[in-house]
Amino acid sequence: MGEKEKQHNKNKIVLRIIGIVLLIAGVTCAIFGFIDMSKAFQESRMPKIWLMFIGFPMIAIGMFMTVVSFQRSINRFIKNENVPVINEMGREISPALSSMANSVKSGLDQTVCSQCGELNDKDAMFCKSCGKPLMRVCDDCGEANESDAKFCKKCGKPLN
Ligand SMILES: [Zn+2]
Ligand SMILES: [Zn+2]
């Protein structure tokens, strides 16, 4: 991860933390404002309307910042198909999400058999369900190529 990326991630996390803090503070203000309003009504005095005035914009700004901070990660994931970003997000949110990200990642590490649809390990040579060859081993260099490859990806020799 480069310096710029680190800084970007740091900004993102700061944005998220400020957003969540604002959100909590805003909700607290709004709740206190609401409680005070009903109290003020009973005691026939002026309610502390300013609590609401501060509370609601804080909720709005907090929500916006939180959403933006998450959206950046989502956009980046869609653009780069960057699974580690999900992992990183998962660590920040909860271990449950992290394990979900891991299962997505292990799903990507598997090869689907074109004949029967069985999920096989990425480096499997034959389908464990129907025995169809999943790889073509190059006679020349021994490199394992995809079963539909015409030429060796390592040495360029035609595969038979
Ligand atoms: Zn199969
Ligand atoms: Zn080869």
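**Figure 1. Contacts around C138 in the predicted model.** In this predicted model, and with neighbours within four places in sequence left aside, C138 is in contact with E143, N145, C152, K154, C155, K157 and L159. The residue itself is found in the loop that runs between β3 (135-137) and β4 (144-146). C138 counts as buried because 21 other C-beta atoms lie within 10 Å of its own, and 20 or more are needed for that label. The view also takes in P158, which is 20 residues away from C138 in sequence, while the two C-alpha atoms are 8.3 Å apart in space.

**Figure 2. C152 in the segment after β4.** C152 lies in the segment that follows β4, and its list of contacts, leaving aside neighbours within four places in sequence, consists of C138, D140, C141, E143, N145, K157 and L159. Is C152 buried or exposed? With 20 C-beta neighbours inside 10 Å, C152 counts as buried, since the label requires 20 or more. For D140, one of these contacts, the C-alpha atom is separated from that of C152 by 8.9 Å, although the two residues are 12 apart along the chain.

Figure 3. G19 is found in helix α1, where, not counting residues up to four places away in sequence, it touches G62, M65, T66 and S69. G19 is buried, because there are 20 other C-beta atoms within 10 Å. A further residue to look for in this view is M63, which is 44 residues from G19 in sequence but 6.3 Å from it in space, taken from C-alpha to C-alpha.

**Figure 4. S44 in the loop between α1 and α2.** The loop that holds S44 lies between α1 (3-42) and α2 (49-80). S44 is exposed, because 6 other C-beta atoms lie within 10 Å, and a residue with 12 or fewer is given that label. The backbone at S44 also deserves a careful look, as its phi is near 40 degrees, which is a positive value in a residue other than glycine.

**Figure 5. The whole protein, as a setting for the close-up views.** The secondary structure comes to 4 helices and 4 strands, and, read from the N terminus on, these elements run α-α-α-α-β-β-β-β. Buried residues make up 8% of the 160 residues in the protein; among them are C138, C152 and G19. Of the contacts between residues at least 6 apart in sequence, 26% join residues that are at least 24 apart.

Key. Residues are numbered from 1 along each chain as its sequence is written. Chains are lettered from A and ligands numbered from 1 in the order in which they are written. This is a predicted model: local features need pLDDT of at least 70, side-chain atom pairs count only at pLDDT 80 or more; totals for chains, interfaces and linings use all residues. Helices (H or I, at least four residues) and strands (E, at least two) are DSSP runs, numbered from the N terminus. Two residues are in contact if their C-beta atoms, placed from the backbone, lie within 7 Å.
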